[in-house]
Protein chains: 2
Amino acid sequence: MRALTLDGSTVRVRDVPEPTPAPDTAVVRVTLAGVCNTDLELVRGYMGFSGVLGHEFVGVVEDGPEEWRGRRVVGEINFACGACESCARGLGRHCPTRRVMGIQDADGALAERVAVPVANLHAVPDAVPDTRAVFTEPLAAAFEIPEQVAVEPGMTCVVLGDGKLGLLAAQVLAASGAQVRCVGHHDAKLALLAKRGIETVLERDWSPEPTDLVVEATGTAGGFAAAVATTRPRGTLVLKSTVAEHPSLDLAPLVIHEISVVGSRCGPFAPALAALEANAVEVDDLVTERIPLAQGALALERARRSAALKVLVEP
Amino acid sequence: MRALTLDGSTVRVRDVPEPTPAPDTAVVRVTLAGVCNTDLELVRGYMGFSGVLGHEFVGVVEDGPEEWRGRRVVGEINFACGACESCARGLGRHCPTRRVMGIQDADGALAERVAVPVANLHAVPDAVPDTRAVFTEPLAAAFEIPEQVAVEPGMTCVVLGDGKLGLLAAQVLAASGAQVRCVGHHDAKLALLAKRGIETVLERDWSPEPTDLVVEATGTAGGFAAAVATTRPRGTLVLKSTVAEHPSLDLAPLVIHEISVVGSRCGPFAPALAALEANAVEVDDLVTERIPLAQGALALERARRSAALKVLVEP
């Protein structure tokens with residue numbers, strides 16, 4: 001089958017063996033996949049990954065347990081062992097021996113087909129078309145925030161970053177009742193939020209003000225210090241960006257102001273699918289373009305442009 | 001009156017004006033005071049403080065409201081405005097216009113007398129002698145941890161650092177039911193905990209292991225990375241150290257393992273006094289020596305020695 005693979009720093013579409021069916025594993029025919037910033041980081045060497053890229057997808061189960069065959073699905077990306085202490089605590093996403101689709105020891109979904117543990121599958125409601133279902137994984141990462149932090153109606157919230165995750169997080173937090181302000185660099189991206197009644201400001205026009213909940217989703221090494229500067233005493237800073245750099249940081253303000261920093265990664269699929277079904281979160285406007293899998297390397301190039309939001313890939 | 005003052009980097013005992021009585025303020029005759037690492041940092045330029053040093057004390061109210069006169073007291077060190085939004089939320093310790101005894105815009109307690117807002121006074125129970133009552137402020141900083149983080153019986157806990165705060169925090173957490181292990185550099189200091197049944201290990205013999213709750217109390221720039229390395233996925237890292245350096249830090253593990261970092265500073269006096277009264281925390285063994293106020297500069301020198309724990313000053 002055709003797949004977009006990473007080998008060293010070489011990205012190309014090539015023929016790879018079909019995923020092998022295994023017990024407890026489904027083979028999903030991918031109908032639509034998304035490019036994530038993590039894919040771009042992987043190409044830069046993050047995680048030292050080699051294999052088929054991609055961890056955002058929607059598709060149809062082709063092979064696997066009878067009850068799943070033919071169903072339209074999305075899939076969680078952390079493949080947990082199911083037997084260790086973390087898994088027993090319900091923290092499969094933190095299983096120390098986990099494989100991660102398209103990121104660590106498991107082939108990804110920028111391909112014609114992908115193997116997914118049955119335990120990771122979620123059926124997609126009929127009302128959610130593929131173009132929206134493909135956002136389940138990144139939207140789940142935004143839903144991880146209210147999973148970790150109590151979001152109370154009226155609390156002030158600043159989302160730093162107007163990339164895909166920033167735009168999704170701002171919507172999820174606004175839907176939870178927070179007074180959200182998104183700080184970004186791109187008028188066009190911020191306009192997507194403004195259209196939904198969410199306050200936005202260009203970073204050059206913004207001054208930090210004490211804020212209850214700050215989400216750092218800039219994807220840059222400088223984002224953390226900016227986030228600290230705008231978190232109120234005893235406030236919470238949700239850290240989403242992983243950056244390759246190790247910036248020089250002053251942690252004293254965390255102690256002096258007793259700030260809590262909450263690292264946040266993948267999230268729960270169920271509330272993401274429910275929000276997509278209820279049309280509670282705008283994702284259609286986030287699609288920058290659709291590119292055939294045959295031009296997968298081009299899809300990554302396009303996703304890297306600063307004006308880009310979500311680039312979708314069609315197998 | 002005599003007082004230990006800091007002026008630029010000059011520390012000396014000299015005559016200063018008596019504290020002026022004011023409404024809502026008591027003048028306390030200091031009977032015993034303690035030297036804190038923060039005092040040593042102030043001498044190095046932290047906060048740019050000039051004035052009378054010292055914020056750990058016990059004494060007797062000499063002037064102030066009738067009902068307080070003659071009472072033996074300790075005092076909270078953050079002098080809040082009482083009128084702002086932070087104060088209204090009960091976060092007086094984070095009042096943005098606060099003065100801080102011996103640290104910021106307020107003279108301290110390494111003196112014959114000190115002025116303290118009446119709202120900050122706590123009466124010392126008769127059963128708590130001065131030599132123990134003088135530990136109320138640093139012990140309150142340790143009690144801030146269970147105030148901020150749910151400490152559950154049986155949870156694993158590593159305290160990094162065998163300084164005064166580390167030894168107090170280890171005891172407070174052990175008393176809360178956590179399985180505490182303290183990692184330090186000094187056999188003699190760790191022995192104080194071992195004597196109370198708390199597990200200890202020299203840092204050179206220690207390997208990080210996934211731990212539910214990690215307290216970083218090393219007072220060093222390297223402590224944070226060590227603390228991150230031993231916090232389990234979804235675990236909590238309580239950050240106590242403030243250091244002047246801005247080390248180069250990798251924050252990606254916070255995101256990947258969804259670790260929460262909780263900055264922690266001053267704490268509640270009531271549980272500290274209650275623990276001292278109940279003899280639930282060992283502090284007597286932490287006293288390295290007692291030095292007369294007339295030799296206050298020497299007291300700071302002695303406190304700086306790596307083998308030292310608490311140096312007390314007698315006005």
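Which residues does A:Val215 touch, not counting those up to four places away in sequence? The list is A:Ile145, A:Val158, A:Val159, A:Leu160, A:Ala169, A:Leu173, A:Val238 and A:Lys240. Contact here means heavy atoms within 4.5 Å.

Ground rules, quickly. This is a predicted model, where local features need pLDDT of at least 70, side-chain atom pairs count only at pLDDT 80 or more, and totals for chains, interfaces and linings use all residues. Residues are numbered from 1 along each chain as its sequence is written, chains are lettered from A and ligands numbered from 1 in the order written, and side-chain values use heavy atoms, with hydrogens and water left out.

Back to A:Val215. Strand S15 of chain A, residues 211-216, holds this residue. Helices (H or I, at least four residues) and strands (E, at least two) are DSSP runs, numbered from the N terminus. The relative accessible area of A:Val215 is 0%, so it is buried. The cut-offs are under 20% for buried, over 50% for exposed, and partly exposed in between, with a 1.4 Å probe and protein chains only. A:Gly166 sits 49 residues away in sequence, yet the C-alpha to C-alpha distance is 8.0 Å.

Now chain B, helix H5. Twelve residues, 164-175, should span 16 Å at 1.5 Å a residue, and the end C-alpha atoms are 17 Å apart, which agrees. The expected span is 1.5 Å times one less than the number of residues. Nine of the twelve residues in H5(B) are buried, among them B:Leu167, B:Leu168 and B:Val172. Just after H5(B), B:Gly177 has a positive phi of about 100°.

Last, the interface. Chain B and chain A put 38 residues each into the contact. About 3,200 Å² is buried between them, 56% of it from carbon and sulfur atoms. Buried area is the accessible area (1.4 Å probe) that two parts lose on being put together, summed over both. B:His94, B:Val255 and B:Glu258 supply 19% of what chain B buries against chain A, more than any other three residues.

How many salt bridges does the rule find across this interface? Four. The rule wants a side-chain nitrogen of Lys or Arg within 4 Å of a carboxyl oxygen of Asp or Glu. One salt bridge joins the side chains of B:Arg234 and A:Glu144, at 2.8 Å, N to O.
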